[in-house]
Amino acid sequence: MTPRIRSWTGLAAVAGLVVSVAACSSETASEDTDATAGGDSSAAASEISGTISLLTPIFEGTPGQELLEDELLPQFYEMYPDVTVEVDYTTYGNLNEKLTTAVASGLVPDVMMMGVGWIEGFADKGVLADLAPLGLTEDGLKEVYTDSIVEAGMWDGDVYAVPIMLDTRFGVARMDILEEAGYTEPPSSWDELVEIAEATTVRADNGSLDRAGFDMMSLDPRQAFEVMLFSAGGGLFNEDVTEPVFNNEQGVAALELMTDMVNTYEVEDIGFASPDDIVNPLINGRAAMGIAHNNLWTQALEADESALEHMEPFLIEGEVPGMFFGGTLATVSSNSSSPEAATALLEFLSSPDVALAANEQRGNVPALTELLESEYVQSNRFVQFALENLEYAQREGGPSTWLEVRGDFAPAVEAALLEQKTPQESLDDLAALVQDAINR
């Protein structure tokens, strides 16, 4: 079904913000325009024109492209008939390279979708437009968005991005497998996690792994480590984001647990699963528990809907409940040749119905709190769980150099899992690399 678009200006009005494209694009537009009441001034909309570019890692694949180009953008064109949007699709794996190349060439897209942890670096370089002229403030946005995702769109006290979606990582248990082993609840501590993982691991007579008790390999090693780090009560950086702290006692304990899961408790083998696997082992029963992305729900709907009745999400609980969150935010180039049109597109993409359609297509978590009552959220247990527990979620990123070092985490974690280095050595070496980047 084609979503019916509601104006973001109406949403902003709820937050007490004065946000309208008319106010941004027409010096003569009255502050009393009906845009502040939830509708755009047709006169102001007719004055907005230009060809703008959109770089996006979401709406990927044929279904996503059809959603954006066949259903959503036609509605944008009805509102702004003199604006043309040229879409450049990419992946998160290629996004940084695309953006870096664009900055170097001076051909920065007018509107860019970025991940959590990305805003700091590009805002620091002056690539992104400060959204304060739209009336967007930290306090105002936090009235309609989750606090932490608002903070992910800020740099040096200013707002540079509007949240579209979150994606979270948390524990998932196959309760049918746990119940066969005598457990009626997911683990509520690290000790219970180890105990249940050992009890549900299955190996063949020759020692090969048939079922992992706790799967970490289906997730990016960096994100798996961060979930465990957060559950240990640790964090990535100190409060003023000038030093890494993930190599402290909490970080070492988290990586030691991961290493022991593989090498001492033997509840999973290196290479047993991969983020590139077509079917997650929690879906086909090759894992009893694991750390999973919230879109595992939609993956299971496509692969084996019957598996959903057995899947139970849970927080990884160590010293504190641990959950990771990332997300996607929309930004505008500071040097857009058509800033009014770019602002209009930003407003459109972050409007409730468009954001909901994007989240549903990807199986992600809406950032707008008003969407908690949507049919999509109410029918998706993993999205509900993520929203119910966002108070425990922590994000990555922080320093403007995060994108330079995020790729160094996976090799460091893998070095510990392979016992090439101790957890302390791996994290100390990684911390030194990160500190060098911050110092530069």
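Here's a quick briefing on the model above, grouped by topic. It's a predicted model, where local features need pLDDT of at least 70, side-chain atom pairs count only at pLDDT 80 or more, and totals for chains, interfaces and linings use all residues. Residues are numbered from 1 along each chain as its sequence is written, and side-chain values use heavy atoms, with hydrogens and water left out.

**Confidence**
- The average pLDDT (the predictor's confidence in each residue, from 0 to 100) is 90, and 90% of the residues score at least 70.
- Residues 1-43 have a pLDDT below 50, and beyond near neighbours in sequence this stretch has 86 contacts in the model (a contact means heavy atoms within 4.5 Å).

**Nonpolar core**
- A nonpolar core is a set of buried Ala, Val, Leu, Ile, Met, Phe, Trp, Tyr and Cys residues joined through side-chain atoms within 4.5 Å.
- Buried means under 20% relative accessible area, exposed over 50%, and partly exposed in between (1.4 Å probe, protein chains only).
- The largest such core has 144 residues, and F214, F246, M311 and L345 have the most contacts inside it.
- Leaving out residues up to four places away in sequence, F246 touches a list including F225, L229, F409, L427 and V434.

**Helix α5**
- Helices (H or I, at least four residues) and strands (E, at least two) are DSSP runs, numbered from the N terminus.
- Helix α5 (residues 92-105) has 14 residues and reaches 20 Å from first C-alpha to last, close to the 20 Å expected at 1.5 Å a residue (the expected span being 1.5 Å times one less than the number of residues).
- L95, L99 and A102 are the buried residues of α5.
- Down the axis of α5, these buried residues fall within an arc of 65 degrees, so they line one face of the helix (the arc is that of the directions from the helix axis to the C-beta atoms).
- Their packing partners are β1 (50-56), β3 (111-115) and α6 (119-124).
- On the face of α5 turned away from the buried side sit the exposed residues G93, E97 and A104.
- Just after α5, G106 takes a positive phi of about 85 degrees.

**H293**
- H293 sits in strand β9 (residues 289-293) and counts as buried because its relative accessibility is 18%.
- A polar atom of the H293 side chain lies 2.8 Å from the backbone nitrogen of N295.
- Not counting residues up to four places away in sequence, H293 touches D167, T168, R169 and N364.

- Most residues other than glycine have a negative phi.
- V241, in the loop between α11 (221-231) and α12 (249-263), has a phi near 55 degrees.
- E266, in the loop between α12 and β9, has a positive phi of about 55 degrees.

Definitions and conventions:
A polar contact is a pair of N or O atoms within 3.5 Å; within protein, one must be able to donate a hydrogen and the other to accept it, and residues adjacent in sequence count only if both atoms are side-chain atoms.
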